[in-house]
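Subject: Structure handover

Hello,

Here is the structure you asked for.

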Amino acid sequence: MSLSLARFALHSRVFSDVATTGNSNLRLISTLKNRKFTSTASPRAQNKGSEELLVVVGAGAAGVYGAIRAKTLAPNLNVVLIEKARPLAKVKVSGGGRCNVTNGHCVETMMLAENYPRGHKELKGAFFNTHGPVDTMAWFSDHGVELKTEDDGRVFPVSNSSSTIIDCLMSESTRLGVSLQTGKAVITASPTDGGKFLLGIEKRTPSSVEYVEADYLLIASGNGKQGYSLASQLGHSIADPVPSLFTFKIEDPQLADLSGIAFPKVKAKLKIENLQRNIPQLTQVGPVLVTHWGFSGPAILRLSAWGACVLSRTGYKGTLILDFTPDVHIEDVKSILTQHKNKFAKQKVANSYPTQFGLVKRFWKYILGRQGLLGDILWASISKDSLVSVAHMLKHCDFSVKGKSQYKDEFVTAGGVPLSEISLNTMESKIQPRLFFAGEVLNVDGITGGFNFQNAWSGGYIAGTSIGKQAVSVQLDEANSFKLLVHAIDYGDDYKCCWRRRRRTDPATASGYSTRAAEAGAISCRFDHVATGV
């Protein structure tokens with residue numbers, strides 16, 4: 001029988017037995033309540049209180065952070081991280097190897113939540129108020145990591161190395177006594193009659209599976225099939241996972257020759273055919289980069305995140321419209337081009353162009369080529385209609401999107417366990433008690449800029465806090481049960497002493513103390529039987 005059941009049995013039986021002994025017992029309890037108790041209870045039952053087990057599936061940002069938090073609150077809780085690959089692998093590659101810890105410009109909850117295409121409505125509650133970017137930065141600072149906030153709000157370690165973040169997290173988990181097991185995967189999970197989880201853990205060889213009973217289960221396995229499978233086994237539904245944060249493939253041979261050109265500020269709009277609803281976020285402003293296959297950069301990645309679900313249904317087809325002069329009105333663009341024509345009439349159009357647009361020569365020639373204005377054409381030969389066409393091209397340059405490409409190794413997924421099936425105040429399942437989720441296994445994903453990691457830190461912290469508090473509560477209950485047991489043993493000893501004295505001095509009343517001693521002894525015997533199962 002589990003210790004939890006033993007604990008409740010002890011409470012009910014002690015109170016029941018004490019009540020049946022009458023008022024004389026209550027008077028004795030009152031006189032003995034200040035006694036110093038001795039540890040004479042069964043060691044087997046006592047030790048079980050320190051053996052509660054939390055298994056964390058996945059040693060990524062959410063899993064490690066959650067494990068640290070749980071162990072911090074409940075030092076006697078046995079915490080085990082199980083990871084089939086390298087721990088904190090995504091932290092390693094984030095931000096080009098620098099680790100974009102969080103975002104320092106979006107610290108207010110309402111503003112912060114707007115950076116999550118999936119979750120922007122639900123996360124406006126207590127989620128980030130419990131543990132937001134400021135809390136995350138404070139935690140790492142308190143643990144010796146110097147951080148810096150760059151102009152765009154992204155937060156990095158001053159060292160510019162993700163190893164600083166990894167070393168901090170691993171050092172703290174080791175210090176607290178969190179166990180890390182790599183090369184293993186939790187492949188099955190089922191609830192037991194005792195309120196625990198029976199987990200099947202596969203080692204490096206598929207034929208080798210061990211089974212473990214866990215009191216708490218935190219699934220923080222990222223966007224892999226492992227977490228989705230475990231969640232399904234435990235009664236949860238899964239929103240179909242689809243890629244998010246990807247770059248656009250553009251079928252344009254001439255564009256490929258411009259690879260490497262960066263635009264600091266572009267207004268990008270994504271049009272998708274047969275889209276039934278308006279998505280304002282399908283227009284973004286920010287840096288854009290030309291790649292060998294199309295377009296990338298923060299503005300493109302944000303578009304991909306907000307359009308992830310609808311793009312997956314269209315086969316990643318659509319039209320990308322770019323405004324390369326977002327701060328200049330089209331009439332002003334026409335005026336600038338006209339002024340340049342008048343000033344440089346005898347120069348070739350391909351070699352001379354307005355500097356106000358901030359364009360590089362290669363891209364200017366690309367724009368001219370799309371208008372059929374290449375060659376030795378002079379500015380004096382450019383018609384008014386051609387100037388209007390060039391101005392329109394700069395403000396409304398359309399590209400046919402033919403597919404997607406993965407964005408480096410920072411692959412983010414939309415989809416997962418629906419937020420409606422968990423309590424965001426605790427990260428606990430509404431379907432299965434003591435089951436928790438955190439990180440990308442949930443149907444939450446953020447745009448680029450540190451928001452996905454903040455989701456991991458916040459979710460891990462809340463889940464770890466909930467688990468730690470539950471574990472401490474259980475330990476306190478067990479401590480109270482132990483005190484009740486010690487009470488019963490001590491009362492029994494006192495009754496025996498009274499019986500021995502009365503047997504010599506007042507034999508008529510001695511039998512009553514003998515009966516009470518037997519009753520107290522019976523309570524301790526019952527506890528030992530229930531707690532040990534023997």
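Contact here means heavy atoms within 4.5 Å. Helices (H or I, at least four residues) and strands (E, at least two) are DSSP runs, numbered from the N terminus. Buried means under 20% relative accessible area, with a 1.4 Å probe and protein chains only.

This is a predicted model: local features need pLDDT of at least 70, side-chain atom pairs count only at pLDDT 80 or more, and totals for chains, interfaces and linings use all residues. Numbering starts from 1 along each chain as its sequence is written, and side-chain values use heavy atoms, without hydrogens and water.

Helix α10 (residues 225-233) has these buried residues: Gln226, Gly227, Tyr228, Leu230 and Ala231. They pack against β1 (53-57), β7 (185-191), β10 (216-219), β11 (239-244), β18 (412-416) and β21 (435-437). Gly235 follows α10 with a positive phi, near 100°.

Now the rings. Rings of Phe, Tyr and Trp (its six-membered ring) pair if their centres lie within 6.5 Å; planes under 30 degrees apart are stacked, over 60 edge-to-face, the rest tilted. The whole structure has 19 aromatic pairs. Tyr65 and Phe140 have ring centres 6.3 Å apart and planes at 20°, so they are stacked. Tyr65 is in helix α4 (residues 61-73) and Phe140 in helix α8 (residues 133-142), so the pair ties together parts 75 residues apart in sequence. Both Tyr65 and Phe140 are buried. Ring pairs also link Phe263, Phe295, Phe324, Phe363, Tyr366 and Phe399 into a cluster.

Last, charges over rings (NZ of Lys or CZ of Arg within 6 Å of the ring centre and within 35 degrees of the ring normal). The charged end of Arg98 sits over Phe156, 3.7 Å from the ring centre. Lys404 lies over the face of Tyr316, at 5.5 Å from the ring centre.

Best wishes

Key
Buried < 20%, exposed > 50% of the residue type's maximum accessible area, 1.4 Å probe, protein only.
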